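Visitor: Please put the model on screen. I have some questions about it.

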Amino acid sequence: MAQYGYFDDAHREFVITRPDTPLPWLNMLGQDEFYGLCTQTAGGYSFWKDARLRRLTRYRYNNNPMDNDGRFLYVKQGKSVWSPGWKPVRTKLDAYECRHGLGYTRIKGRKDGVEVEQLMFVPPQENLEIWKIYVRNKTKKTQKLTLFSFVEFCFFEALNDMTNYQRTYSIGEVEIEGSGIYHKTEYRERRNHYTLFGCTRKVDGYDTSRDAFVGVHHGLHDPKAVFAGKCTNSHAYGWNPVGAHQINLTLKPGAEETFAFVLAYVEQGDLPKFDAPFVMNKTKGREILKKYSDLAAVDAAFASVKQRWEDLLSIYQSPDVPNEHLRRMVNTWNQVQCMATFNLSRASSGYETGIGRGMGYRDSNQDILGFVHLLPERARQRILDIASTQLSDGTCFHQYQPLTKKGNADIGGGFNDDPLWLILSTAAYIRETGDTSILDEPCGYADKPGSKDTLLHHIETSVSYTLNNRGPHGLPLIGHADWNDCLNLNCFSKEPNESFQVTGDIAGSKAESVMIAGLFLYAARDLAALYRFMGKADDAARIDGHYADMLKTVEEQAWDGAWYTRAFDAAGNPVGSKSCKEGKIFIESQAWCVLGGAGQTNGRARKALQAVAKYLYTPEHGCALQYPPYSEYHLELGEVSSYPPGYKENAGVFSHNNTWIHIGWTMFGEGDKALEYYLSICPSAKKDHDKYRSEPYVYAQMTASQFSPTPGEGKNSWLTGTSAWSFVTASQSILGVQPEFTGVKVDPCIPKKWKGYTVQRKFRGVTYTIEVKNPKGKSKGVKSLLVDGAKVAGNIVPPPTDGRKTVQVEVILGA
Ligand code: BGC
């Protein structure tokens, strides 16, 4: 990893030491309503709430060079032109460094004795981002230079913006006032919002027309105005509005100039829209620029970004975990990624364009598992929002739009695992908070707006939907797909213009999913435990009964001899069975049957994990999704067989499902294996970044597997369910601190040679310091539990009844 950078753990930063990383290495700014994607060369874009409906700056995905739009600065110094982040000019720099921190990115570039630093962040609770700029003369001579800023505005609705040029070339409008550039396209008609790009100091020129600043036959690497040394003070009218400022600087030896740029999304609210025809009311924009013209306000805003993360991370810290990769992931980066997946689901990253997928029903439910400890109130609201996109028959919109919270009709529903994930997220929320009142919250079904059915009603609907939609083997019907979006057993598509996900008449189909059966077991156990906690013994017993029935069905119908069959196709033939020519064993049915409690008494669970180890696992890359990969397209299986072998769902290493196997090993007390497997997909533990290519600090959805020609190449980083599940694996299954309905349960499963570690956990207003000691070199089993010096039976630490706010727990392993 030293090839491209290193972790600065003390500052919770990843430091990138050269700009030409194997792929853009991204950071995420913002965690309330304003978000920015920012790479190591300041590439990326910004949006408010919804990357499709309120995109503020443009970004061309799949560009070449990659990642070529962003928050750019240009320096013109004598004849030379350079960018402190290297791009877009790509002039060789004398020094370069990028520090991706928590909610901020700091890029520093130096050339010919002049250093420019650009610190980018989004202040908490504000709809704007700030770039604080430092320009330093490191020489003994006075330096004269001109600095230019640049962003390209997006017309808010990103899909229209990038497709409908016959209209968009004729609608662009801006206003300029001092250093404030106001992008106000469509403001005269239905929009009541605008984008402001301003500078906190006086500027020496500006441009708002892309043609004037960049030039029609030029690119961002050689903008005409920059090479000419001055802006043209252009006023965009139609075409492509941009924001560019010109700042002339004369710096004495050793001198430093600081100022800031602000990019804000402004909602006009009830203010009058116009001061005069064509002159918008800029009161709010002016206030923003005034506030941040005092750089003390900029510094205070940055301090609050840092403080906020310190506060959030203080909820779970384990500073002395013996393994450095697990330590930095669980304490810092994994939690940061959980914040991003919670906020953005699978909507916008380097791979998700922000116009397609919105929030995923199953995705966002799972994201809550790794997020709920950070901000349980927000998780609560999210659970209710998600539930409201379920239909009264139990099916769920597979995705929904973050701004409108409405289900996406194009993809529709019928992914039959979707309903069950709601039970997992709700149970996780109640375990964290003890707040069962969420179950009584009314959240209407999507087809019955205004209905007052409660969350508990949704949960029971999910259970009965699964039970009432079963196939010939008594297993749950799969519908369009289950967790594996590409296992489309009802699709039968011969037509390349069709979507695998929505094609296929699922009404009369009999295709069944063993993975959903396993997930049902897990969800039923969660729900029964919840009912028991609520004192509803009858309901708990009813759910226990369903559990027992489903378990029997799984054991009778889905055991294939050495592992669990994956599914039965529409013709009733097994998928993921020794009788198949390809795709004999899949990871998901092993994982979910084991997690759901199948195979516990008959030895099958362990065998299933051993089969995963034998056929799917390599220590370098983790577990492939299935084996052997499909070499041809199977009409009866759909998209899973469409990918080249070793990629994505066709036997790629899908990090997300690996985590379930890691948890499986901990259930069997295999602490050494659990850590080994954990490290096999851990980004921080990747050694060769020319091979792995993706960011070392966040999980990638997929790594090319041993069955591909490029094994070990990571792809689709940031927005993946791996994030939440890895945090659950590390914090709960390995380090063993588990929120339970009745208190904090401590049940570690660690490598035998670990001597011990400490976990600081804030839980329901109390800070627990949990010291785990392992004098006998064991992996699992709590021998004794001391709570503030007093022995407690079992391994659950109950909440203090006497109002104490700190609790000291000592756990000795070795039972
Ligand atoms: C989707 C998930 C899905 C997974 C496996 C991801 O891209 O967001 O919903 O479970 O792929 O197919």
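Guide: Start at Thr 769, whose bridge partner in strand β42 is Gln 808. Strands here are DSSP runs of E, at least two residues, numbered from the N terminus. This is a predicted model: local features need pLDDT of at least 70, side-chain atom pairs 80 or more, while totals for chains, interfaces and linings use all residues. Residues count from 1 along each chain as its sequence is written, and side-chain values use heavy atoms, without hydrogens and water.

Visitor: How many bridges join β38 to β42?

Guide: β38 covers residues 766-773 and β42 covers residues 806-813. Two strands pair if DSSP finds at least two bridges between them. These two run parallel, and the bridges number seven.

Visitor: Do β39 and β42 run parallel or antiparallel?

Guide: β39 spans residues 782-787. Its Val 782 stands opposite Leu 813 in β42. Five bridges join the two strands, and their direction is antiparallel.

Visitor: Which side chain has a polar atom 2.6 Å from a ligand oxygen?

Guide: A polar contact is a pair of N or O atoms within 3.5 Å. Gln 701 places a polar side-chain atom 2.9 Å from a ligand oxygen. A backbone N or O atom of Asp 485 lies 3.0 Å from a ligand oxygen. The side chain at 2.6 Å belongs to Arg 362.

Visitor: How many charged residues are in the shell around the ligand?

Guide: Asp, Glu, Lys and Arg count as charged. Residues around the ligand have a heavy atom within 4 Å of it; among them are Arg 346, Asp 363 and Glu 649. The shell also has two nonpolar and two polar residues; its charged residues number six.

Key: Polar contact = N/O pair within 3.5 Å; in protein donor to acceptor, adjacent residues only side chain to side chain. Helix = DSSP H or I, 4+ residues; strand = E, 2+ residues; numbered from the N terminus.
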